[in-house]
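Subject: Structure handover

Hello,

Here is the structure I promised to pass on. Please open it alongside this note.

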Amino acid sequence: MPKTPLIEYASLAELYDAYCELFVAKSPIVSACGCQIHCREHHFVHVVKLFGEGRRPLHFPDEKAKIVAQTEGFGDYIHEARRAQRLLRFEKALREPDAVVRPAHLKTADRAWMRHVDCSQYPFMAALAQKEQGVLTLCSLQPLRARNMSKWMDGPILYPVVEDETAEATKAHQPPEGG
Ligand SMILES: [Zn+2]
């Protein structure tokens, strides 16, 4: 499995740029499952778990100018690096998921695009979207440890769609040509 690199960034502005380039500029992202996932500027706050000083919750429109101006370091902002570094892996999970699931524990999110990656710490990526006014919008990106996978796969599998099992079984049991 080719390893998708972690992204590198030295400031909040740089991280925001990377997010916009990978997600917002390509929105809606068309997934192999057939879904279109809309990614907006303000989703940045959720996907990297951005907070102000003292974990102050942020309202993106009030912060955008400050985020863009934060070209050196991160100022008073706090974010979750383990999510941010994996933006490229999450984008890949949305586009080419191994599975799309509706885990029982999801509350706001509608479904999760899951993808296995070559990483000993967080070998599974989960990208989540919710339904807003009839469209799927990005709501969270979560790197998962292997031990959490049973919980995440506990629910209807929306993709890949399993073909008619009888037809598959018949095909598999067909005698070899000329036999
Ligand atoms: Zn889909």
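My findings follow, from the overall fold down to individual contacts.

Please keep in mind that this is a predicted model.

Overall fold. The protein has seven helices and seven strands. Along the sequence they follow the pattern α-β-β-α-α-α-α-β-β-β-β-α-β-α. Of the 179 residues, 26% are buried. Take the contacts with a separation of 6 or more: 59% of them link residues 24 or more positions apart.

The sheet. Seven strands make an open sheet with mixed pairing. The order is S1-S2-S6-S5-S4-S3-S7. S1 (29-30) and S7 (157-159) are at the edges. Each has a single partner strand, so one side of each lacks a neighbour in the sheet. S3 (residues 99-101) and S4 (residues 111-116) run antiparallel, joined by three bridges. In that pair, alanine 99 sits opposite methionine 114 of S4.

Helix on sheet. H5 (residues 87-95) lies across S1, S2 (36-38), S4, S5 (124-132) and S6 (135-144). Helix H5 runs at about 60 degrees to S5.

Helix on helix. Look at H1 (residues 12-24) and H3 (residues 60-69). Their axes come within 6 Å and cross at roughly 110 degrees. H1 is therefore roughly perpendicular to H3. H1 contributes Leu12, Ala13 and Tyr16 to the contact, and H3 contributes Ile67, Val68 and Ala69. By class, that is six nonpolar residues, with no polar and no charged ones.

Best wishes

Definitions and conventions: Residues numbered from 1 in each chain as written. Predicted model: local features only at pLDDT ≥ 70, side-chain atom pairs only at ≥ 80, totals over all residues. Axes fitted to C-alpha atoms, helices over the stretch in contact; angles between N-to-C directions. Helix = DSSP H or I, 4+ residues; strand = E, 2+ residues; numbered from the N terminus. Parallel < 35°, antiparallel > 145°, perpendicular 65-115°, else oblique. Contact = placed C-beta atoms within 7 Å. Nonpolar A, V, L, I, M, F, W, Y, C, P; charged D, E, K, R; others polar. Buried ≥ 20, exposed ≤ 12 C-beta atoms within 10 Å, placed from the backbone. Pairing = 2+ DSSP bridges.
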